Amino acid sequence: MEDRMKKTVLSPPIVLLFLAFSLLLLLPEASATKFNVGDSKFWNPNINYTEWAKGKHFYLGDWLYFVYDRNQASVLEVNKTDYETCNSDHPLTNWTRGAGRDVVPLNVTKTYYIISGKGFCFSGMKVAVHVEKLPPPPKAAPVKSGAPTLFSTGHILLMPVVFAVGAAWDAFIHFW
Ligand SMILES: *[C@@H]1O[C@H](CO)[C@@H](O)[C@H](O)[C@H]1NC(C)=O
Ligand SMILES: *[C@@H]1O[C@H](CO)[C@@H](O)[C@H](O)[C@H]1NC(C)=O
Ligand SMILES: *[C@@H]1O[C@H](CO)[C@@H](O)[C@H](O)[C@H]1NC(C)=O
Ligand SMILES: *[C@@H]1O[C@H](CO)[C@@H](O)[C@H](O)[C@H]1NC(C)=O
């Protein structure tokens, strides 16, 4: 009798707690975005990448994805001065891997200055991206399908869980 009651009191909160934590753990991954630089025009000359970056938010953990003709362009991270002057002589990081498909992980909160070498920077192949810390929870998962509802469910679940755990503890104390 006592055993049965203990079971019914304890099980739901534990399941809810597990669910709530699983949902919270899912969040950071769900909010990372891979930006295809230039969208359908990719990484090419005669595109204004300042316009492309305008209004976008780049967060820690996101990626930039460059798709281009591997025989022509490249992907070089430079400092601000070299970005402005299109100087590719001393890149901070050469992200060029040779396949014309390069990924730049945005894992530092700073402005990334990226240009193409071989003179293409002068034709507009340059992009500056300001990386911010992770957004606050309400903005955390606006893009990915399913994530917003999961997240709010997670939060709504937490309050009952806190009370249920308290109630379960009470019951436990009473029975033992
Ligand atoms: C690109 O767009 C930005 C912002 O609209 C503008 O200030 C800049 O002059 C443009 N650059 C070129 C090369 O047209
Ligand atoms: C960028 O690097 C060049 C060459 O190393 C240097 O002359 C310049 O001062 C640097 N600019 C910034 C903003 O750090
Ligand atoms: C960057 O790396 C690529 C591939 O290894 C290489 O072909 C290219 O010369 C490098 N560019 C610079 C500016 O270091
Ligand atoms: C960011 O990523 C680069 C390339 O993977 C790595 O070299 C660097 O150590 C990372 N920085 C941080 C702060 O994680």
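Two strands pair if DSSP finds at least two bridges between them. Helices (H or I, at least four residues) and strands (E, at least two) are DSSP runs, numbered from the N terminus. This is a predicted model: local features need pLDDT of at least 70, side-chain atom pairs count only at pLDDT 80 or more, and totals for chains, interfaces and linings use all residues. Residues are numbered from 1 along each chain as its sequence is written, while chains are lettered from A and ligands numbered from 1 in the order in which they are written.

**View 1. The protein chain has 4 helices and 8 strands.** From the N terminus on, the order of elements is α-β-α-β-β-β-α-β-β-β-β-α. The chain has 176 residues, and 19% of them count as buried. A residue is buried if 20 or more other C-beta atoms lie within 10 Å of its own, exposed if 12 or fewer, and partly exposed in between, with C-beta atoms placed from the backbone. Two residues are in contact if their C-beta atoms, placed from the backbone, lie within 7 Å. Among contacts between residues at least 6 apart in sequence, 74% join residues at least 24 apart.

**View 2. An open sheet of 5 strands has the order 2-8-7-4-5.** Its pairing is mixed. Strand 2 and strand 5 (93–94) are the edges, and each pairs on one side only. Strand 2 (residues 58–59) runs parallel to strand 8 (residues 126–132), with 2 bridges between them. Here Tyr59 stands opposite Glu132.

**View 3. Strand 7 (residues 111–115) runs antiparallel to strand 8.** The two are joined by 5 bridges. Tyr112 stands opposite Val129 of strand 8. Tyr113 has Ala128 as its bridge partner there. Ile114 faces Val127 in strand 8. Strand 4 also runs antiparallel to strand 7, through 3 bridges. In that pair, Glu77 has Ile114 as its bridge partner. In a regular strand the side chains alternate between the two faces of the sheet.

**View 4. The largest nonpolar core has 21 residues.** Such a core is a set of buried Ala, Val, Leu, Ile, Met, Phe, Trp, Tyr and Cys residues joined through C-beta atoms within 7 Å. Those with the most contacts inside it are Trp43, Phe66, Tyr113, Ile114, Ile115 and Met125. Strand 3 (63–67), strand 4 (76–78), strand 7 and strand 8 each give two or more residues to this core. Strand 7 supplies the largest share, 4 residues. Strand 7 is mostly covered, with 4 of its 5 residues buried. Trp43 touches Val37, Gly38, Phe66, Val67, Tyr68, Ala73 and Met125, not counting residues up to four places away in sequence.

**View 5. Asn48, Thr50, Glu51 and Gly124 are the residues around ligand 1.** A residue is near a molecule if its C-beta atom, placed from the backbone, lies within 6 Å of it. The shell holds no nonpolar, 3 polar and 1 charged residues. Ala, Val, Leu, Ile, Met, Phe, Trp, Tyr, Cys and Pro count as nonpolar, Asp, Glu, Lys and Arg as charged, and the others, Gly among them, as polar.

**View 6. Ligand 2 is surrounded by Asn79, Lys80, Thr81, Asp82 and His90.** This shell divides into no nonpolar, 3 polar and 2 charged residues.
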